[in-house]
Every structure is written in C-alpha cells, then in structure tokens.
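Welcome! Let us take a friendly walk through a protein model, one piece at a time.

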Amino acid sequence: MAPKYEQLVQTLRQTLPQWYADGQRRLPCEQELAARFSVSRQTLRQALAVLEQDGLIEKRRGSGSFLCPAAASQDRRIAVIATSLSDYIFPSLLKDIQACLSAQGFSVVIHATENSIHREREILQQLLLDPPAGILVESCKTALPNPNAELYQALRQRGLPMTFLHGSCRELSDAFCVGDDNYGGGYLLAGHLIRNGHQKIAGIFKSDDVQGPERYHGVVCAMRDAGLFPLDENFLWFSSFQRYQLVELQDESVLQNFLRQQLGGCTAVVCYNDELARQVLYYAWRRGVEIPRRLSVVTFNNVPSQSFAIPPLDALAVPGAEMGAAAARMIVGKLENPDEYLGYSIRIPGRLVRRESAAPAPSV
C-alpha cells in the first residue's frame, strides 16, 4: 500500500484542477487542509512538497501556498487556434511559437478554423470540455461582432490565460493581443508612394478581419496629411469568402472589375497582403498594364517567396520571429505569474523593403 502522503498527492492532483477552475488560487492553511483530508500536518507537508516540485503549487514565505497554472492542466498543453494552417504566413509564425514554448517545457496543440465562426465555436466548446494550460488564438473575422464571445469569456472565467494573435475578439476590450502595427504600416507604404510623386492612390483591403480596416486607415491618413484626399471609389473591399474565390478558385472577375472600373486615374495601389499583390501583378499583366511604369504596387507582409514575383514586390516587412516570440513570452508570463503578471498588447512595427514594383509616378 502506498504511503499516506503519496495517497494524498493523488487526491490533491484530482482536486487542484477544480479549485483552479473555480478561481481559487491560495490554498487553505495547513491546519485546515490536514483536517479536511484527515491526515497529519507532517503527511500534508510531504504531499505539498511533491506538488511544489512538480510545479503545481508555489510556496510564498509569509503568505502560504498558491496554485500554479499547471494545476489546471498537468500536461502543459498550449492550444494554438489559427484561421488557416495553409495560409502562407502562419507556418513560419507557428514554428517560432512552438520553438519558444518548447524551450519552456510546453507542448502545442494546433486547431484551424478556416476563418469560420461555426468551426471556431466547435473548437472553443471542445476546449471548455478539455481545457489546456493556455490559449493562443487568431480569432475569426475580427472586424465583425463575434457570436462566440461568451465562449471566450467562459474560458477566461475558468482561469485559462489567453493571448490573441493579429486581432482580438472585439467584445473582449481588455484582451491582450500581439500583432502588426497595421496603421503604421499603411502610413509607411502610402508615404513611400507619395514621396515618389503619386497623387492618386488606390487600395485593396480585406473587410472582415481587423487588419484590413487598420491598414486602410494608415493609408488614407497618410494621403490626408499630404493633402491628397482619397476617393472611396478607388478602394476595393473583399471578404474571406471572396478571398477564397480569388486565390483558391482563381476567379478573375473581382480583380478584373477593379482594374477596369475602380482604378480610374490612379498610378499606384496598396495591397492587403503579398498573395493579393501577386494576383494584381498577374491580372495587370493580362490587361497590358505595365508594372511599375504604368502602375506601382506595394504590399504588406513581405514573405520571402514574394521577392521572386515579377517584378519583385516593394513591401512592408514585419519580423515574424519577433511576433511568435512575443506571443509565447506573453502566454508563459501569464502562466507563471497569474496574479502579478501585467500583460499588455503589443504592436510590432514593420520596415519598408524597396524592390522593383514601385517607381516614380508617370508624368502626365
């Protein structure tokens, strides 16, 4: 038969997750615990020493014993929820996150929503039934109200640390988020075009993820500050579904109509991301529009493969490794110091990479 303290360890291992889920962080005093479990204080201290060694509790001199986040999930899993695993940006970001978390002794479980509110709901319900130690999440359609907000709230009430990537669920006003400085990036790209003499600038942005409106905001504010007020008709907005049609199904109609009807007299266009910019280059070539002599094209993200576009793209580069490390540090900080950790949202600035897709505005 196992020693009494080992039996108590097993009992406490089953009890601590529920205490953690109920929001209890400080353990009752030794006298109360010994009485509750009908053991001597010596047996209790032996059991608590084992739990402390396993990282489930932390003893603070003069204050007592406190639950660690690992008490909620002893396998130290971090759930990472992405909108798409096939997205050309996310694999490298995930690699950086996994490397940082693995170095801290955490494992990573990946979920993909495909930017579907319905699929997101299924994943969040699953996590409520089998909660991990923490969650890193790229929420769905962050520019729109989210009907899954109450599930995010329920997970937070269970004591699960949560950090958002790129954009947070808008109903959680105090959520911590790691993302690009989208406004600053839009301002920088538009400024690059304006300094090259472009006075009529168009744009193509995603409408249902918050990065789109934020990037648009930077572009139009740069134009306004330069005395070049933007025209609504020169901006194309597309949804996640239209992105699927455009990129995955190779439906040319959206961009064809934009190049034919909405560009007007614009000499430059700011694209939401690299994959969209490559489509613009292709459709412009199909229509006989020379890049960059007739139309300059600039974009966000600067994934390395985009430097092989023809012509190579002028782009805003955001250090993906920095974003992955920042997200991992934030979630680990919350796990290690849940009561003391003062998290904050992080906006990572980009830098302009000049290549060959932007040139001085053509003379009239």
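## Two strands side by side

Strand β3 (residues 77-82) pairs with strand β5 (residues 134-137) in the parallel sense, over 4 bridges. Within this pairing, A79 has I135 of β5 as its bridge partner. Strands here are DSSP runs of E with at least two residues, helices are runs of H or I with at least four, and both are numbered from the N terminus. Two strands pair if DSSP finds at least two bridges between them.

This is a predicted model, where local features need pLDDT of at least 70 and side-chain atom pairs count only at pLDDT 80 or more, while totals for chains, interfaces and linings use all residues. Residues are numbered from 1 along each chain as its sequence is written, and side-chain values use heavy atoms, leaving out hydrogens and water.

## The whole sheet

An open sheet is formed by 6 strands with parallel pairing, in the order β4-β3-β5-β6-β7-β13. At its edges are β4 (107-112) and β13 (346-348), each pairing on one side only.

## A helix with a buried side

Which residues of helix α9 (residues 240-248) are buried? They are S240, R243, L246 and V247, where buried means under 20% relative accessible area, exposed over 50% and partly exposed in between (1.4 Å probe, protein chains only). These residues are on the same side of α9 because they cover an arc of only 120 degrees around the axis, taken from the directions from the helix axis to the C-beta atoms.

The buried residues of α9 pack against β8 (201-206), β9 (235-238), α10 (253-262) and α11 (274-286), with contact meaning heavy atoms within 4.5 Å. After α9 comes Q250, which has a positive phi, near 55 degrees.
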